[in-house]
Amino acid sequence: MAHDGIVLEVDAVSKSFGALAALSKVSFAVRQGQVFSVIGPNGAGKSTLFNVISGLHVPTVGRVRFRGREIAGLAPEAINRLGIAKTFQITNIFPEISVFENVRVAAQSRARESGRLASLWRLPDVEPGTAELLRAFGLAAKRDELAESLSHGEQRYLEICLALATEPTLLLLDEPTAGMTPGETKEATALIRRIAAARGLTVLLIEHDMSVVMGISDRIAVLHFGEKIAEGAPEQIRNDPQVIEAYLGPPEA
Amino acid sequence: MWLLLALLPALPFMSKFYLLLAFDALLFGTIAMSLDLLMGYTGLVSFGHAAFFGLGAYASAVLLERGIVSLWACLLGALLVVGLYALVVSFFATARRGIYFALLTLIFAEVVYTFFRYTQTFGGSDGIQGVPSPRLIGDVAIDTPLRNYYLVLVYLGLAYLACRVLVTSHFGRVLVAIRENEDRTRFLGYDVQRYKLAVCMISALLTGLGGALYPGRSAFATPDLMLWTVSGEFIIMVMIGGLGTLAGPVVGGAFFVLLQEKVSSYVDWYFIVIGLVLIFIVLFMPRGLLGVRDLLGGRRWRTTA
């Protein structure tokens, strides 16, 4: 059922690891330009969902469509080339090369030479786009430092820069503010929102901290023990009794 | 540096013996440099480079023995034989990582060694002996130590140029990314196995071409060239020279060859001495011999957090 404006469609996806059902029949659709958040307590299946969408896992049952095209089962690199980029919950960068080289290697993945014979002797010029990204995330002054020497917050930003440098149309953010202080978190969410709007990105965000998503999401889905228990606008989710129960535990008998 | 190497034979003490020693130093330096593409840049440790070297040597020796004495034919033969073998090895080895990659390259190399050692087709344990010198063009034979020296010097120069261009290219940057974080590289849209396959092939072919030059100098190709200890020596050459520097492993290869020659001419238990020197280098010069130059030259020391 292709629908105009739907970028990503997760259709009755289940994923089991042995006897453990990490996801059962999860469905939702993300529209063009939306910031769509998936929330849930730890262990709700959020990261498994991302791994299915980004190609690390093949769903046991169900389909994932990106712009109408079936992508479940494609390799991560193929999915990235279609325009889906993912950031990682645990910072996943190239530690012993410079900040600039980190972003460069991501950006050149979209260069004309990439995957061609000419890439053996040519080095594409990705300087403008790379410098602009580093500026946007306040990393311009650190471009020649080794990535591992950055502070935690800066590494989280570099993580997002790597994903954005591959020029995605859909950005998957896995707890982008993990480990940040409340102040940093606020700043980061505002930045993400601004950059997503400026680049016309569709964003799918995973978060276990509800306060982060309320401010920036257009729509929210809630996972609990691998099942979607609610979906709606932030206001609806905030007041949903089932969601409150999942987060705070059942009301006292 | 290149000028010094080019003028080396003019030095008064450069006898034929020393010219051949210099040939070995540069040849193994070139091979160590080729291996550095894998070890230093891509983070893959091959324990089977001796097979690429040995197959190159055999390809060339077999042709020379049969009267096909053109150097170019020998190089082409080595390219084909080593290329075919490397394609098979790389295909299986690059599907695995870390220790499995190392073990697969080792196992394949042992199979090749065993084949040449225990079948009589190519002379068994004696190998192929007494082959004629290859011809460059027409009647110009590479038949003196001096000519052999310049041949390997030219090969080193070309291989260095190729490797240098490669590591500064788009391709080279992706190799480093694979070394740093293979999983993340996939999520940036790179087909990692293709890159690993390509760099294995390039490294193997450069090593194989080096092997093809060997019978011209020694007039033989024996299974001992493919022993796993030879692969181990290649790895040591890269380590002592300095990983990921290209020039370092050239220095490391040359140093190893000269050290082995010098020490073994004095004592029988030269391996112990070499071992001690290597332990010293690894412990106290973690960036290898080339790292010392960087220190003296006042280059920015790598800042670690």
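The dialogue below takes the sheets, then the helices, then the contact.

Tutor: This is a predicted model, in which local features need pLDDT of at least 70, side-chain atom pairs count only at pLDDT 80 or more, and totals for chains, interfaces and linings use all residues. Residues are numbered from 1 along each chain as its sequence is written, while chains are lettered from A and ligands numbered from 1 in the order in which they are written.

Student: What holds the strands of a sheet together?

Tutor: Backbone hydrogen bonds pair them, either parallel or antiparallel. Here two strands pair if DSSP finds at least two bridges between them. Helices (H or I, at least four residues) and strands (E, at least two) are DSSP runs, numbered from the N terminus.

Student: What is the order of the open sheet of four strands?

Tutor: In chain A the order is β2-β1-β4-β5, with antiparallel pairing. β2 (20–31) and β5 (69–70) of chain A are the edge strands, each pairing on one side only. Five bridges join β1 (residues 6–17) and β4 (residues 61–66) of chain A in the antiparallel sense. A:V10 has A:V64 in β4(A) as its bridge partner.

Student: Which strands stand at the edges of the open sheet of six strands?

Tutor: That sheet of chain A has mixed pairing and the order β6-β7-β8-β3-β9-β10. β6 (84–86) and β10 (227–232) of chain A stand at its edges with a single partner strand each, so one side of each has no neighbour in the sheet. From one strand to the next, the twist averages 15°. The pair β3 (residues 35–39) and β9 (residues 219–224) of chain A is parallel, over four bridges. A:V38 stands opposite A:A221 in β9(A).

Student: How do I read a helix lying across a sheet?

Tutor: Look for contacts, meaning C-beta atoms, placed from the backbone, within 7 Å, and then for the angle. Axes are lines fitted to C-alpha atoms, for helices over the stretch in contact, and angles run from 0 to 180 degrees between N-to-C directions. Helix α1 (residues 46–54) of chain A touches β1, β2 and β4 of chain A, and its direction makes about 65° with that of β2(A). α1(A) also lies across β3, β6, β7 (170–174), β8 (202–207) and β9 of chain A, at about 150° to β7(A). Helix α9 (residues 241–248) of chain A lies across β9 and β10 of chain A and runs at about 130° to β10(A).

Student: How many residues does the contact take from chain A and from chain B?

Tutor: The contact takes 31 residues from chain A and 21 residues from chain B. On the side of chain A that touches chain B, α2(A) gives the most, with four residues.

Notes
Two residues are in contact if their C-beta atoms, placed from the backbone, lie within 7 Å.
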